[in-house]
Number of protein chains: 2
Amino acid sequence: MLPREKAAPIALPGARIAMKKTTSTTKTAPASTRDHLIEVGLELMRRHGYGATGLQEILHTAGVPKGSFYHHFGSKEEFTVAVIERYVMLEAEHCQEVLGNTRQAPLRRLRRYFEDLIQTAGQTAAIQGCLIGTLSLEVAASSALLQGRLSASFMHWQASIAMVLQEAVMKGDLPKSIRPDPLAGFLLNGWEGALLRSQADKSDAPLNDFLRYIFEELLAH
Amino acid sequence: MLPREKAAPIALPGARIAMKKTTSTTKTAPASTRDHLIEVGLELMRRHGYGATGLQEILHTAGVPKGSFYHHFGSKEEFTVAVIERYVMLEAEHCQEVLGNTRQAPLRRLRRYFEDLIQTAGQTAAIQGCLIGTLSLEVAASSALLQGRLSASFMHWQASIAMVLQEAVMKGDLPKSIRPDPLAGFLLNGWEGALLRSQADKSDAPLNDFLRYIFEELLAH
């Protein structure tokens, strides 16, 4: 249904980014000014969102003059597209690593993947939450450009989850009647909602409950 | 498990507020300056979030001087508590009306309730989304005061859904093994995630898919 070669970039909360956090502040020789700006912007926007991350703060934190910023990016909106792309790219590594590990059964892999995300996006993580989710509520309504990128990020992420569900169907671990793509969407959106609630409650309980209902109820039937 | 007399204020996306939208702008004799400020703040924050709703914009839209604002509210944060309370109160009416209609079977009532919410918080609504969800991602991390109110709003909402699930268990429509409160949390958080995705995708499909998986899969077993 979703051929493996289409398993393109995936947007996911936390994993690699959290681990790279200290690197971003201690790094002394960034690959390029553009890369450095994106790295700084990604950390600030993950922490504070779009509106609360001012251009001046980005420039000050990055130690880059305004002219240099506008040499690389036409606007803050365009810069944010690059930040989203970086987030998607970094998170895709984790997704490939866990979901692509075919030595494990597909549903075991999928559960392990979400368990990892609790560590990297939940309340004990260096930065909580998911940039794609946060920006979806904050800017999708006001920026068609960013809305398109956010929607595409979710679509790719969903496709990767759908592939694992499809594999589970083929191996007889899920009934043939399931439709992997909408089910993957339901899982992904449910994860985003659980993450939202974990931020309201300052607790990982909604994330653990999410895993339980998905893997011990919905997919166990 | 959750006695009916505890069915306190409930925070829900959209219904009554969307219908009251035109009233808020045409109203010429608000009950009080405080009420009028809250009404204006609620509409602005539902449309633009917390950060993008400036105090000046609130004052200008309400036609109220700054001194009067500070007569009623110590800060924008304190004002936002009142806005959340108003949202919760207005939405509780819809919740009581639909979920409290015991002439309908509990799960039918619960489905009808979410179907209504698609109309009032989905892409065809006057204002899309849920204020509680949006503020949870935007301000819960930075304001302990607002975080507490948001968490309490979700808790009350969850309790109302849990009561309906409990009733379904008692009537034999759900197995006795289910635990109404965490299941209500899973439903509520899943709804918030579907709403987030509907904003990223500019589509009601995630909301309709949510209903299908909950009512035709999870609760149908």
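Visitor: Is A:Phe69 buried or exposed?
Guide: Happy to start there, in what is a predicted model, where local features need pLDDT of at least 70, side-chain atom pairs count only at pLDDT 80 or more, and totals for chains, interfaces and linings use all residues. Side-chain values use heavy atoms, without hydrogens and water. Buried means under 20% relative accessible area, exposed over 50%, and partly exposed in between (1.4 Å probe, protein chains only). With a relative accessibility of 0%, A:Phe69 counts as buried.

Visitor: Why is the pair of A:Phe69 and A:Phe73 called tilted?
Guide: Rings of Phe, Tyr and Trp (its six-membered ring) pair if their centres lie within 6.5 Å; planes under 30 degrees apart are stacked, over 60 edge-to-face, and the rest tilted. Over all chains there are 24 aromatic pairs. In A:Phe69 and A:Phe73 the centres are 5.4 Å apart and the planes meet at 45 degrees, so the pair is tilted.

Visitor: What area do chain B and chain A bury between them?
Guide: Good one! Buried area is the accessible area (1.4 Å probe) that two parts lose on being put together, summed over both. Of this area, 62% is on carbon and sulfur atoms, and the total for chain B and chain A is about 3,200 Å².

Visitor: Which three residues supply 22% of the area that chain B buries against chain A?
Guide: Their share is more than that of any other three residues of chain B. One of them also takes part in a charge-over-ring arrangement (CZ of Arg or NZ of Lys within 6 Å of the ring centre and within 35 degrees of the ring normal), with B:Arg212 over the ring of B:Tyr213, 5.1 Å from its centre. The three are B:Leu137, B:Arg197 and B:Tyr213.

Conventions
Residues are numbered from 1 along each chain as its sequence is written. Chains are lettered from A and ligands numbered from 1 in the order in which they are written.
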